[in-house]
Amino acid sequence: ELWSAEDRLDGVKCPVLWLSSDLDGNFSPNSNSLSYLKTAKTDGTRLSIVKGLAHSHSAAWKRKEPLVFADSIVNGGEEMPLFVTLPTRESVECEVRGGTTARLYYLTENPTYSLKDESNPLSTMPDYEWKKTEVKIADGRLVGEIPEDAVVYYISVTESRCTVSSPLTKR
């Protein structure tokens, strides 16, 4: 417990970029979402769930998000899009600042994981595939419908420089 980071995240006082994959077997979108929520009160903190991103530093550094995030925090550059309010279990409608397109990614069953290589305990991978649908950004608000068969979803808002995401929402 002494080194249990998740017990101390609510004390973080600096901005954090939670950059993750939608299919990460090591640090799931759910874990990233919960970590984000514990640090979200810190101005500048963002969550970005990227479709198919590999779990590695080199894969993350190939993305624009780390540099856009750093520039916005350290140099006062243009901020990344922001979920001012969050979608709920019943509605995607929420306030956003920035972004030109938005997509809702969802699962129709609870996520499960399997060990893909019995000799490698780090080979745990998801057994699910995200479905997607478009949502619209209109006057700084997201407008759209949650698919009836969705059990969990998140929304990604994208602009030319980067993508930010809402945390996972269970229905």
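Author: Let us begin with Glu79, which is partly exposed at a relative accessible area of 36%; partly exposed lies between buried, under 20% relative accessible area, and exposed, over 50% (1.4 Å probe, protein chains only). This is a predicted model, where local features need pLDDT of at least 70, side-chain atom pairs count only at pLDDT 80 or more, and totals for chains, interfaces and linings use all residues. Residues are numbered from 1 along each chain as its sequence is written, and side-chain values use heavy atoms, with hydrogens and water left out.

Reader: Okay, and which residue does Glu79 form a salt bridge with?

Author: The partner is Arg97, and the closest N and O atoms are 2.7 Å apart; a salt bridge here is a side-chain nitrogen of Lys or Arg within 4 Å of a carboxyl oxygen of Asp or Glu. The pair links distant parts of the chain, 18 residues apart, with Glu79 in the loop between H3 and strand S3 (82-83) and Arg97 in strand S4 (residues 96-97). Helices (H or I, at least four residues) and strands (E, at least two) are DSSP runs, numbered from the N terminus. Arg97 is partly exposed as well, at 42% relative accessibility, and Arg46, Glu79 and Arg97 are linked in a network of salt bridges.

Reader: How many salt bridges does the structure hold?

Author: There are seven. One of the others is between Glu134 and Arg103, at 2.8 Å from N to O, and because Glu134 lies in strand S8 and Arg103 in strand S5, this pair ties together parts that are 31 residues apart in sequence. Another joins the side chains of Arg161 and Glu159 at 2.5 Å, N to O.

Reader: Wait, is that Glu159 buried or exposed?

Author: Glu159 is buried, with a relative accessible area of 14%.

Reader: Changing topic: which residues of H3 are buried?

Author: In H3 the buried residues are Glu65, Pro66, Val68, Phe69 and Ser72. They sit on the same side of H3 because they cover an arc of only 165° around the axis, the arc being that of the directions from the helix axis to the C-beta atoms. The face turned away from that buried side carries the exposed residues Leu67 and Val74.

Reader: And what do the buried ones pack against?

Author: They pack against strand S1 (17-21), strand S2 (46-50), helix H2 (57-61) and strand S11 (163-165), where contact means heavy atoms within 4.5 Å.

Reader: Which residues touch the most other members in the largest nonpolar core?

Author: Of its 20 residues, these are Phe83, Leu104, Leu142, Ile155 and Val157; a nonpolar core is a set of buried Ala, Val, Leu, Ile, Met, Phe, Trp, Tyr and Cys residues joined through side-chain atoms within 4.5 Å. The elements giving two or more residues to this core are helix H3 (65-74), strand S5 (101-107) and strand S10 (152-158). A second, separate core has 13 residues, among them Ile49, Tyr105, Leu107 and Val152.

Reader: One last thing, where is Asp139?

Author: Asp139 is in the loop between strand S8 (131-138) and strand S9 (141-143), and although Asp139 is not a glycine, this residue has a positive phi of about 55°. With 82% relative accessibility, Asp139 counts as exposed.
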